[in-house]
Amino acid sequence: MLPSQPLLHAAVLALAVLQALASDTFIAAVYEHAVILPDATSKPVSPDDALALMNKNMDVLEEAIKEAAQQGAHIIVTPEDGIYGWRFTRETIYPYLEDIPDPAVNWIPCADPTRFAPAPVQERLSCMARNNSIYVVANIGDKKPCNSSDPGCPSDSRYQYNTDVVFDPEGKLVARYHKYNLFRRETQFNYPKEPEAVTFETPFGKFGIFTCFDILFREPAVVLVSELQVDTVLFPTAWMNVLPFLTAVEFHSAWAMGMGVNLLSANTHNINLAMTGSGLFTPEGPAAYHYDSGTEEGCLLLAELRARPRLSATYPPAVNWSSFATSIEKFPGEKDTFSAAVRRDIFTFSELRHKAGNYTVCQGDLCCHLIYRMANKSKDEVYVLGAFDGLHGSLIKYHWQICTLLKCKSTDLSTCGQPVETAQTKFETFSLSGTFGTNFVFPEVLYSGVQLAPGEFEVLQDGRLKSKHGTSKPLVTATLFGRLYEKDLPHPLRT
């Protein structure tokens with residue numbers, strides 16, 4: 001006699017839990033999704049039309065979730081905006097929103113879809129998780145009514161939030177996170193009144209979650225890692241790549257290394273908006289990553305990760321990011337420096353005029369030091385050492401300290417800092433360090449073609465970013481990206 005479907009599901013789930021408990025590792029997946037976008041409109045569509053568009057995207061996501069589960073994944077992260085896209089005003093996004101309850105209500109939408117207001121998207125996501133016995137992470141929109149007794153209530157009497165949800169392998173809603181640091185174009189959403197630090201326990205470690213732009217700020221990113229000690233961060237994103245420091249794969253890999261956690265980064269895929277770059281990143285470097293600016297295809301990534309990386313024998317030791325640079329007795333700045341912009345940030349640069357050398361550049365409280373030897377210097381390429389110490393950003397201002405070895409766009413020094421994806425020059429060795437005023441520093445090495453360099457560089461405990469055995473591919477940039485959170489200007493909600 002065959003077991004009933006509920007009993008079979010329970011047995012499969014129990015086996016999966018036991019397998020996870022028996023191992024110090026787990027299999028994680030992220031899906032980079034080429035989102036099917038709605039037609040641009042100035043008027044809201046009907047709820048049925050909104051659901052039809054969302055179901056088209058969920059059809060694609062469901063196939064990726066099934067494939068990930070079949071390959072043994074315990075959890076899958078899907079992108080920000082992955083279910084309905086963008087191109088919205090506050091009014092036109094409303095038909096796509098659902099009322100998402102607090103996970104404390106202990107709700108499985110797949111098993112009890114009518115318990116709350118109509119929530120077909122939550123129901124379907126819940127069933128995807130339940131039917132495949134896998135944690136499913138998705139980004140949707142939350143709506144919450146408010147009234148005039150609330151001084152912050154918008155004129156349309158509702159709050160609208162950019163929201164991540166997590167469903168466990170039973171289909172239960174176990175996490176809900178409202179994005180706190182909205183990007184400048186997200187006028188369709190409200191800021192939450194307070195930053196949220198959302199965590200939940202799994203058989204394979206303590207997880208935290210936040211969204212896209214949040215990664216650059218203390219709340220919630222540093223709070224989750226440094227104060228709440230999560231093992232793994234779930235990261236739906238819609239990241240528009242900006243060279244030379246903020247392409248998705250280089251910064252997200254660097255952040256995982258600098259913070260000492262796993263980062264499961266799922267990006268949207270839209271090459272017209274320079275959106276690509278997803279990965280499974282660890283404290284030791286990328287376990288798997290994807291960057292594709294040439295096709296319109298989505299991509300599923302899987303990798304086996306350590307469940308609790310801090311307990312690993314190979315966990316990187318703590319780094320004093322200013323130790324080496326501040327120990328140099330003679331630390332004069334280069335006399336022959338020049339200024340050039342990386343986007344709107346004015347860096348102080350010095351040209352590397354020789355095949356090998358020892359250079360120092362200073363700006364503000366930051367001095368950057370470089371020792372290097374090039375392997376095959378191209379006559380048509382110029383490299384510089386640069387320093388930046390100041391505020392960056394438009395609506396939200398935040399403080400960077402950056403030391404960088406980078407290739408200029410051309411031999412014209414005024415192009416230094418402009419986007420570059422390719423190079424011809426390899427380095428036999430480089431060692432980059434700086435007098436950082438923070439221990440939150442993220443090491444990046446980017447090769448020609450926007451390729452990472454896993455295993456080819458190391459960070460020493462005294463704060464030096466060093467090549468191990470020379471660069472196997474031409475170098476675009478090597479960067480130490482520091483964040484002085486205490487010097488940030490107030491969050492817009494606080495002003």
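## Salt bridges

The structure holds 17 salt bridges. It is a predicted model. One of the bridges joins the side chains of Glu63 and Lys66, with 4.0 Å from N to O. Side chains of opposite charge can pair when their charged atoms come close.

Both partners belong to helix α2, which covers residues 47-70. Glu63 and Lys66 lie three residues apart there, so about one helical turn separates them.

## Overall build

The chain contains six helices and 23 strands. Its radius of gyration is 23 Å, close to the 23 Å that the globule rule gives for 495 residues, so the chain is as compact as a globular protein of that length.

Along the principal axes, the C-alpha atoms fill a box of roughly 75 × 55 × 40 Å.

## Two domains

The chain is divided into two parts: domain 1 spans 22-311, and domain 2 spans 322-487. Taken over C-alpha atoms, the centres of domain 1 and domain 2 are 32 Å apart.

The two domains touch. On one side, 29 residues of domain 1 take part; on the other, 31 residues of domain 2 do.

## The interface between them

About 2700 Å² is buried between domain 1 and domain 2. Carbon and sulfur atoms give 73% of that area. Three residues stand out on the domain 1 side: Leu243, Phe245 and Tyr289. Together they supply 26% of the area that domain 1 buries against domain 2, more than any other three residues.

What about charge pairing and polar contact? The count of salt bridges between domain 1 and domain 2 is zero. Polar contact does occur across this interface, in three residue pairs, with both residues at pLDDT 80 or more.

## The domain 1 face

Which elements of domain 1 each supply at least two residues of the side that touches domain 2? They are helix α4 (218-227), helix α5 (248-259) and strand β11 (285-290). The largest share comes from α5, with nine residues.

By class, the side of domain 1 that touches domain 2 has 21 nonpolar residues. Five polar and three charged residues complete that side.

## In brief

The chain has a domain 1 and a domain 2, and about 2700 Å² is buried between them. The structure holds 17 salt bridges, yet the count between domain 1 and domain 2 is zero. On the domain 1 side of the contact, helix α5 gives the largest share of residues.

Conventions
Residues numbered from 1 in each chain as written. Predicted model: local features only at pLDDT ≥ 70, side-chain atom pairs only at ≥ 80, totals over all residues. Heavy atoms only, no water. Domains from an automatic or database assignment. Contact = heavy atoms within 4.5 Å. Buried area = accessible area lost by both parts, 1.4 Å probe. Polar contact = N/O pair within 3.5 Å; in protein donor to acceptor, adjacent residues only side chain to side chain. Helix = DSSP H or I, 4+ residues; strand = E, 2+ residues; numbered from the N terminus. Nonpolar A, V, L, I, M, F, W, Y, C, P; charged D, E, K, R; others polar. Rg over C-alpha atoms; globule rule 2.2 N^0.38 Å.
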